[in-house]
Amino acid sequence: MSGADDRSLKALIAEAGLRLTPGEARRMLELLRRDPTRVEATIFDTMWSEHCSYKSSRWVLKQYLPTESPWVILGPGEDAGIVRLGTHDGVEYALVIAHESHNHPSQVVPVEGAATGIGGIVRDVACMGAEVVGVMDALRFGDPDGARGSTVREIVRGVVDGIWQYGDALGVPNLGGDVFFSPRYDENCLVNVVALGLVRFDRIVRSRVPEEARREPYVLILVGKPTDETGFGGAAFASAVLEESAEGQRGHVQVPDPFLKRVLLEANRAVLDWLHREGVVAGFKDLGAGGIACASSELAAAGGLGMDVDLDRVPAAREGYPSEVIACSETQERFALVVPERVADRVLQWYNVTFALPEVYDGARAAVVGRVRSDSRYRMLRGGLPVCDSPVEVITAGIEHRRPERPRPRGGAPEPLPPVHDHEALLRKLVGTPNLASREPIVRFYDTEVQGRMVIRAGEADASVMAPVPGSKLGCALTVDGNPWWVAADPYWGTAHVVCEALRNLVAVGAQPVALTDCLNFGNPEDPEVFGDFGRSVRGLGDAARALGPDGPGGPPIAIVSGNVSFYNEGSSGRSIEPSPIVAGLGVLDDWSVATTGALKRRGSVIVLSGARQDRLGASQLRHALLGKTDGSIPDLDFERERRRIYAALEAVRRGLALACHDIAEGGLAIAAFEMALGGYASQGIGLQIPISGIGDPPGMSSEARLYSEAPGFLFEVSKEKLTDFLALFERSGVDATMVGRTLEEPRFRLLDGGRPLVDLDLETLARIHAEALAPMVE
């Protein structure tokens with residue numbers, strides 16, 4: 001490479017099947033001070049991909065995102081973030097959370113792509129020493145009724161199948177998630193996954209070679225499936241625009257085996273428990289993108305030491321694999337463990353004899369494949385000779401690109417909405433649209449009950465709630481949100497709204513927000529408009545996380561503790577996805593029994609609205625339903641006002657002043673009220689009536705804006721006995737709260753304007769439309 005001009009160098013890179021740019025290749029030559037071996041070139045190609053290096057985004061994330069707070073034990077930088085939960089019987093517990101994407105693989109091979117996404121995120125949490133107690137997914141699909149509708153529906157079915165087939169076999173409950181449909185995902189679906197784990201504070205394991213390795217010999221143990229060629233080049237594949245044909249790309253997607261993973265998780269816990277009892281400090285890391293090369297070099301670099309890895313000792317599915325395949329293949333169901341050499345034989349016995357890995361899967365086992373060095377040299381050996389030899393910091397330091405940014409031009413004045421003459425017909429249409437329909441046809445494929453920890457399951461409330469510590473009142477809540485139409489309309493404020501919605505969902509069930517994670521899905525970062533959207537979105541995320549902490553911008557933020565950036569989400573046509581930041585919110589409860597759902601509980605109670613309706617219907621579900629467009633101005637967001645509203649809602653739920661609480665988001669007040677009346681799994685057949693004539697700011701806004709404005713807010717069900725205390729709480733907080741309706745004896749849904757019924761329908765009819773809309777896509 002060193003003697004080639006740019007044109008020849010580009011051809012040489014392409015011939016080798018690499019995705020490095022000529023400039024990156026020259027930087028590699030500067031760092032190595034010689035031509036690379038093929039293994040080294042492959043390692044740099046992998047480690048410098050967007051997926052691994054964050055070469056375009058890292059500086060933006062560091063500049064704008066808050067990552068520390070009193071709740072945070074470990075922020076971004078290792079395989080997962082760790083947050084305090086609480087103490088039970090004198091033992092301090094923590095929650096481990098990770099958030100990743102598996103977008104390109106799921107578009108190319110939906111079942112395997114989604115399944116290995118779940119598999120990877122579970123490994124991220126497990127290798128921190130945690131028991132995995134839940135997974136959650138945020139899915140984005142194309143238009144199921146559009147020109148590519150048949151392909152979209154096939155991908156929907158495949159992704160859902162992959163998630164349930166892997167998660168259910170693993171014995172980990174699905175905590176729900178989020179689904180959104182838009183034509184911009186026709187060529188590039190999004191599969192974002194979150195995993196949650198529970199760990200004792202004194203049992204946390206780090207993804208690094210321990211300091212003890214400076215005082216005694218440590219070795220590297222590879223555990224799991226035998227290495228094969230599956231997933232080779234996966235990280236680079238995820239860092240490029242998808243090609244039109246899936247042929248030739250399938251080999252980049254890993255092959256899942258949840259049954260082996262389940263045994264591995266049990267074996268890992270047994271080994272880690274034994275090491276803890278013996279007083280042995282270990283390092284643990286999953287093998288994902290970049291395979292052995294990535295995991296071993298990052299373990300070494302994080303500990304400030306080096307490592308020798310012997311590729312001849314790596315268990316392989318067959319003989320004859322090239323060195324670069326053994327080094328960088330992303331074969332699933334593998335972990336890397338660094339332990340003192342004196343306990344290595346006992347660790348191998350745990351895996352290979354006690355848990356009998358070779359009998360669970362042909363060729364699976366634990367094997368010593370490397371040795372920690374006292375210096376910072378990183379070597380890979382084959383046949384006793386180095387095929388990679390470099391300072392470890394050269395391998396892991398990464399590279400940085402400062403991409404140009406350009407604001408995206410905005411269109412002219414949006415087309416006005418046509419008047420609505422039949423509100424009943426409109427409501428029936430909306431509740432049957434893919435973005436507002438019931439998610440039950442998807443959720444019913446998932447096991448939401450396994451492990452027996454669930455308090456509020458997926459679909460029963462704005463967030464799922466569990467009691468993670470057996471015998472304890474400690475609880476936690478998890479939600480995931482993202483509205484790509486809002487972010488496309490305004491990247492900064494649209495993303496801030498996403499954060500606000502995640503926090504509303506947590507407090508609606510009575511959980512104190514303690515942390516956020518993000519998965520930032522965008523198009524090609526080499527496009528200045530795409531990177532401009534990205535930068536503004538990250539700023540909105542960071543500003544909202546700081547402003548919406550309990551004490552406002554002067555106090556601790558809601559820290560971002562884990563996340564992922566996924567670029568190049570566009571198809572061969574050149575059309576990228578909508579900018580799609582997806583935010584997960586994690587909350588804790590001192591007593592999980594105070595948690596409530598959004599389902600109506602009592603006849604004759606009062607419905608209270610907090611959050612003025614706004615005459616801004618841009619990027620709304622209503623606008624899309626009436627015009628097929630998603631342009632226009634989104635609602636205003638006042639950070640301080642919303643902060644006060646969020647924590648007033650939290651206090652109301654925790655004090656038992658609200659029978660039910662539901663946030664207002666997509667579809668506005670009308671859809672929020674309908675979902676409360678519907679009741680999810682907890683339906684009581686209670687009706688609801690809301691007169692809308694007094695709702696709105698300014699007075700005189702249209703019925704459509706009052707009903708379907710997606711301005712932030714809450715609907716509460718409050719008993720008459722506690723109404724005075726409820727309203728007094730909001731008044732003290734300086735937040736609006738207005739009685740807007742009541743529950744009914746009969747199961748009807750009524751929306752009135754000046755005494756005139758706009759909607760008067762029986763709930764059973766609406767529920768049937770709502771429940772059946774998504775069923776054909778997954779059956």
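Reply: Some ground rules come first. The model is predicted, so local features need pLDDT of at least 70 and side-chain atom pairs count only at pLDDT 80 or more, while totals for chains, interfaces and linings use all residues. Residues are numbered from 1 along each chain as its sequence is written, and side-chain values use heavy atoms, with hydrogens and water left out.

Now the buried side of α13. A344, V347, L348, W350 and Y351 are buried in this helix. Viewed down the axis of α13, these buried residues fall within an arc of 150°, so they line one face. The arc is that of the directions from the helix axis to the C-beta atoms. Buried means under 20% relative accessible area, exposed means over 50%, and partly exposed lies in between (1.4 Å probe, protein chains only). Helices (H or I, at least four residues) and strands (E, at least two) are DSSP runs, numbered from the N terminus.

What packs against that face? The partners of the buried residues of α13 are β7 (218-224), α10, β8 (283-286), β10 (334-340), α14 (357-360) and β11 (365-373). Contact means heavy atoms within 4.5 Å. After α13 comes A356, with a positive phi near 50°.

Take the α10 partner in detail. Helix α10 (residues 258-277) packs with helix α13 (residues 344-354) at an angle of about 150°, and their axes are 9 Å apart. Axes are lines fitted to C-alpha atoms, for helices over the stretch in contact, and angles run from 0 to 180 degrees between N-to-C directions. The two helices are therefore roughly antiparallel to each other. The cut-offs are under 35 degrees for roughly parallel, over 145 for roughly antiparallel, 65 to 115 for roughly perpendicular, and oblique for the rest. The crossing of α10 and α13 is right-handed. A crossing is right-handed if the near helix is turned clockwise from the far one by less than a right angle, and left-handed if anticlockwise.

From α10, the contact uses A267, N268, A270, V271, W274, L275 and R277; from α13, it uses R346, V347, W350 and Y351. By class, the contact of α10 with α13 has 8 nonpolar, 1 polar and 2 charged residues. Here Ala, Val, Leu, Ile, Met, Phe, Trp, Tyr, Cys and Pro count as nonpolar, Asp, Glu, Lys and Arg as charged, and the others, Gly among them, as polar.

Next, α25 (residues 723-732). Its buried residues are L723, F726, L729 and F730. They cover an arc of only 125° around the axis, which puts them on the same side of α25. The face turned away from that buried side carries the exposed residues T724, E731 and R732. Cover for the buried residues of α25 includes β20 (606-610), α22 (639-654), β23 (713-718) and β24 (738-744). Just after α25, G734 takes a positive phi of about 70°.

The α22 packing can be spelled out. α22 and α25 pack at about 150°, with axes 10 Å apart. That makes α22 roughly antiparallel to α25. Their crossing is right-handed. A648, A649, E651 and A652 of α22 meet F726, L729, F730 and R732 of α25. The contact of α22 with α25 has 6 nonpolar, no polar and 2 charged residues.

A further pair is α7 and α8. The axes of helix α7 (residues 110-126) and helix α8 (residues 149-170) come within 7 Å and cross at roughly 40°. α7 and α8 are therefore oblique to each other. Their crossing is right-handed. Residues making the contact include P110, V111 and A114 of α7 and I155, G158 and V159 of α8. The contact of α7 with α8 counts 11 nonpolar, 4 polar and 1 charged residues.

Last, the loops. A437 is in the loop between α16 (423-431) and α17 (440-443). A437 is buried, at 4% relative accessible area. Neighbours within four places in sequence aside, A437 is in contact with V431, G432, H770, A773 and L774.

Y568 is not a glycine, yet has a positive phi of about 65°. Y568 is in the loop between β18 (560-566) and β19 (580-589). Y568 counts as buried at 6% relative accessibility. A619, also other than glycine, has a positive phi near 55°. A619 is in the loop between β20 and α21 (621-627). A619 counts as buried, at 0% relative accessibility.
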